[in-house]
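I opened this model to take down its overall figures and then look up one residue. My entries follow in the order in which I made them.

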Amino acid sequence: MIKVTQLSKTFGSNHVLNGIDLDIHKGEVVVIIGPSGSGKSTFLRCLNLLEQPTGGDIEFDGVSLLRGKSNINELRQRMGMVFQQFNLFPHMTVMENITLAPVKLKLRTKDEAQQIAQQLLKRIGLAEKAGSYPGSLSGGQKQRIAIARALAMSPTMMLFDEPTSALDPEMVGEVLDVMKELAAEGMTMVVVTHEMGFAREVGTRLIFMDGGKIVEQGTPADVFAAPQHPRTKEFLRKVL
Ligand code: ADP
Ligand code: MG
């Protein structure tokens, strides 16, 4: 589904991504771990062109995103993204948050979008919150709404950047549960997280990044049981 070749990104003299090669297949749940500043967020943001890579290439379903002209709106429709800080629009209701993009991009009529939103809300257990404003919701509820908002575009792939890092501990589980369900339904996902339990249980592949490179990857079971690279060993010793 995604083929990343020698991807690089610099901010001025700061080489943040240094030649990332990665293939992601349909239905995979790729979990990315690594120390702060290792380029995990930048990598996700390059995948959906929130950042413009400075080198290499990204192909999505066989089409280069960087050579020739790519349609960014279409790309972002196919690749949903969920951020650490939810990024809901505070002045809009939950329903308005979820229906805004599909209606604005003319993917659906307002009626259709609202029906889909209602189904999504039901699925994440928040059917009664359609008319609420984000300010009245808990962090866990906000993040579940942010996931629903991304799903409202019917993406073929979802990117998650530390979706539970801003949450109080008691709310982490409800968000991970929604993500687990998505994975079980076959959604292709790339998840940056510090939740090692989720990585072990749901990840089909675990990637350790350091210094803007993929240092090591494998099945979560293998990497956790027997990390090969000294940097991976050191990192896992600290977080496990
Ligand atoms: P991680 O998500 O692994 O913590 P990031 O991708 O956020 O790492 O950041 C990697 C490096 O890129 C850091 O040194 C950070 O300061 C730098 N960086 C990220 N975004 C920008 C930006 N928009 N402008 C300048 N430097 C940035
Ligand atoms: Mg980050």
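I began with the surface of this predicted model. The accessible surface of the chain comes to about 11,100 Å², and carbon and sulfur atoms hold 49% of that area.

Next I looked up burial and found that 50% of the 240 residues in the chain are buried.

I then turned to charge. The chain carries 27 positive and 26 negative side chains. I noted 4 Å between the centres of the two sets.

For secondary structure I listed 9 helices and 10 strands. The radius of gyration is 18 Å, close to the 18 Å from the globule rule for 240 residues, so the chain is as compact as a globular protein of that length. Along the principal axes, I recorded a C-alpha trace that spans about 50 × 45 × 35 Å.

I also looked up contacts along the sequence. Among those in the chain with a separation of 6 or more, 65% are between residues 24 or more positions apart.

Last, I picked out Ser38. Where is the place of Ser38? I found Ser38 in the loop between strand 3 (29-33) and helix 1 (40-47). Is Ser38 buried or exposed? The relative accessible area of Ser38 is 1%, and buried means under 20%, so Ser38 counts as buried.

Which residues is Ser38 in contact with, leaving aside its neighbours within four places in sequence? I wrote down Val16, Met209, Asp210, Gly211 and Gly212.

Notes
Residues are numbered from 1 along each chain as its sequence is written. Chains are lettered from A and ligands numbered from 1 in the order in which they are written. This is a predicted model: local features need pLDDT of at least 70, side-chain atom pairs count only at pLDDT 80 or more; totals for chains, interfaces and linings use all residues. Side-chain values use heavy atoms; hydrogens and water are left out. Helices (H or I, at least four residues) and strands (E, at least two) are DSSP runs, numbered from the N terminus. The radius of gyration is taken over C-alpha atoms; the globule rule is 2.2 Å times the number of residues to the power 0.38. Buried means under 20% relative accessible area, exposed over 50%, partly exposed in between (1.4 Å probe, protein chains only). Contact means heavy atoms within 4.5 Å. Accessible areas come from the Shrake-Rupley method with a 1.4 Å probe; for residues, only the protein chains shown count as cover. Lys and Arg count as positive and Asp and Glu as negative; His and the chain ends are not counted. The place of a charge is taken as NZ of Lys, CZ of Arg, CG of Asp or CD of Glu.
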